Number of protein chains: 2
Amino acid sequence: MSPAPRLPPAARALRAGDRRVLARLITETENDLPRARAVLRAIYPLTGRARIVGLTGPLGVGKSSLINALLLHLRQRGRRVAVVAVDPSSPFSGGSVLGDRIRFDTASEDPHVYVRSMASRGHTGGLARTTREVVRLLEAAGFDLVLVETVGSGQVDVEVREIATTSVVVLVPHLGDEVQTLKAGLFEIADVFCVNKADLPGADRARRDLSELAALGAPASGWRPPVVATSTSDGTGIPELWEAIEAHERYLDESGRRLAEERRRLTNEVVTLAEERFRTHLARDRSLARRIAPVLARRIDPETAARRWWAEIQRRR
Amino acid sequence: MSPAPRLPPAARALRAGDRRVLARLITETENDLPRARAVLRAIYPLTGRARIVGLTGPLGVGKSSLINALLLHLRQRGRRVAVVAVDPSSPFSGGSVLGDRIRFDTASEDPHVYVRSMASRGHTGGLARTTREVVRLLEAAGFDLVLVETVGSGQVDVEVREIATTSVVVLVPHLGDEVQTLKAGLFEIADVFCVNKADLPGADRARRDLSELAALGAPASGWRPPVVATSTSDGTGIPELWEAIEAHERYLDESGRRLAEERRRLTNEVVTLAEERFRTHLARDRSLARRIAPVLARRIDPETAARRWWAEIQRRR
């Protein structure tokens, strides 16, 4: 596989490690600009081998501090690491709510670390719409390890499963109502559980409870999510957390699950992209007003209107 | 408009106020059963005139207690009221997390009150996928006032705008991080703000802050969301909250916005239903595996695969 000769100039600069080009391409990707589209198409063959570690969990569990601690640990082991942190933003204005605050203080001048915030821009599910593409740009720029922090505003950020090779669900000893809401979805997402703020009372209990639940939910896949206790105030458990992530990555390789998971993710991606094309088509369809009028007049119900529309799209040449 | 003669038997029983039929039709709607589909089609001409009041806000602000207090207030004024409360549930298992707990203790034997919980079943946005249809069943059953409580698990439940004629955003004096996350989206949703637990310290401050923000965000529509302080422990502000909701409903009629909003909602509904048909079509498409293989082999990027697929669907007769 040697697609380098056909790469457009921006993609070549990206591959050579030019950070200004990387930053610009990320912004262009977020804004759906044509050059970024062309670069993403060209670099796609270079991607798919990176380890993508997603960290998800409710607001206030310390995901950012945990990523800082992981960054430090990984740098001490000589790893290059990129971080993508998704911030909540209004579904309407598109601005980032936390946008300007400094989150990552570790190694910001380090050439082997790259940190980028993205606004979710109203995309639900815990990621921004273009987070996947940004991760691909980072991989093409030579980062074979990318940490992704989801919004984590209270829902289970299920979408992290669509980009991460290992998903870490971060909790704290006492979550009260939150965990009630989250619990049901947690086990379908988590490859690794992290009980952060393990210096708080109740941490041992929380770890035991989660371990028991993880054992009960004995997944068909043959992987039982380990539960690691961490504290970013004194660094407790950070090496163990990283070891748990690496163990899951080894499991993916040894079990053959890596390819199956990649197929699942890519299938979902292609289907979603085809749906987006369809949605664009509908929004531009000149028959829209004519189709809605009888629904508004209560002569045709919405389901029937939708069925007829789809039937006509299929018939049309 | 006199569609009654053509109504199927279940729809006729529904219209006559048969509660067992109503309950069964709601369950059948949630499970997408054909009879419910037929009834929904038949009753659609009977719907579209009810006041649908959506209550949204983060977990723990007391939405359920507030609805109880509103129910009591409305019953004292002789109004018939239906309530639909959406509970969080796992995105995977489909079960309701809070399902069995008793939330509404007011007037459960009252023939002029109907209360129903729905599990969100993994649908994001604060509602269940079929909440809109359930509201239509309630309207056909004679309820011209329906209160809808969203999941409210920390995100802004934007979807309430797609079914409610008046959306009430419920907050409490101190929300900390939560409000940071929510703020940006609040003003695009709220027709009325409610600061609940107004007996807590900081309530006056919260009400002033919100009022100032609401004034700043001066909407093009000409409606400035009022801010009402309530306390369900002693009933403070409940009549004022109801008056604010009615004021917004009057505004909709007097300004002509009611029709515009109904058109927006129905357009979104028809487009979404057409998208669902398309999604079903893709999932059943036999070419799926053949289309994904070159993407998995990194020969074709996902965007290109999606574009080709959509192009072929359009060409096909």
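**Note on the predicted model**

1. Arg298(A) is partly exposed, because 16 other C-beta atoms lie within 10 Å. (A residue is buried with 20 or more other C-beta atoms within 10 Å of its own, exposed with 12 or fewer, and partly exposed in between; C-beta atoms are placed from the backbone.) Arg298(A) lies in the loop between α10 (288-296) and α11 (302-315) of chain A. Although Arg298(A) is not a glycine, its phi is positive, about 65 degrees. Most residues other than glycine have a negative phi.

2. On conventions: this is a predicted model, in which local features need pLDDT of at least 70 and side-chain atom pairs count only at pLDDT 80 or more, whereas totals for chains, interfaces and linings use all residues. Residues are numbered from 1 along each chain as its sequence is written, and chains are lettered from A and ligands numbered from 1 in the order in which they are written.

3. Chain A contains 11 helices and seven strands; these are DSSP runs, H or I of at least four residues for helices and E of at least two for strands, numbered from the N terminus. Of the 317 residues in chain A, 47% are buried. Among contacts in chain A with a separation of 6 or more, 73% join residues 24 or more positions apart, a contact being two residues whose C-beta atoms, placed from the backbone, lie within 7 Å.

4. Lys197(B) also deserves attention, with a positive phi of about 55 degrees although it is not a glycine. Lys197(B) sits in the loop between β6 and α7 (203-216) of chain B. With 23 other C-beta atoms within 10 Å, Lys197(B) is buried.

5. In chain A, the axes of helix α4 (residues 63-76) and helix α8 (residues 238-255) come within 10 Å and cross at roughly 80 degrees. The axes are lines fitted to C-alpha atoms, for helices over the stretch in contact, with angles from 0 to 180 degrees between N-to-C directions. α4(A) and α8(A) are therefore roughly perpendicular, the term for angles of 65 to 115 degrees. Ala69(A), Leu70(A) and His73(A) of α4(A) meet Ile238(A), Pro239(A), Leu241(A) and Trp242(A) of α8(A).

6. Helix α8 (residues 238-255) of chain B has 18 residues, which should span 26 Å at 1.5 Å a residue; its end C-alpha atoms are 26 Å apart, in agreement. (The expected span is 1.5 Å times one less than the number of residues.) Buried in α8(B) are Ile238(B), Leu241(B), Ala244(B), Ile245(B), His248(B) and Leu252(B). Down the axis of α8(B), these buried residues fall within an arc of 130 degrees, so they line one face of the helix; the arc is that of the directions from the helix axis to the C-beta atoms. On the other side of α8(B), Arg250(B), Asp253(B) and Glu254(B) are exposed.

7. Arg132(A) belongs to helix α5 (residues 131-140) of chain A and counts as buried, with 21 C-beta neighbours inside 10 Å. Not counting residues up to four places away in sequence, Arg132(A) touches Ile163(A) and Glu269(A). Glu269(A) is itself one of the buried residues in α9(A). The cover over the buried residues of α9(A) includes α5 of chain A together with α9, α10 (288-296) and α11 (302-315) of chain B.

Key: Parallel < 35°, antiparallel > 145°, perpendicular 65-115°, else oblique.
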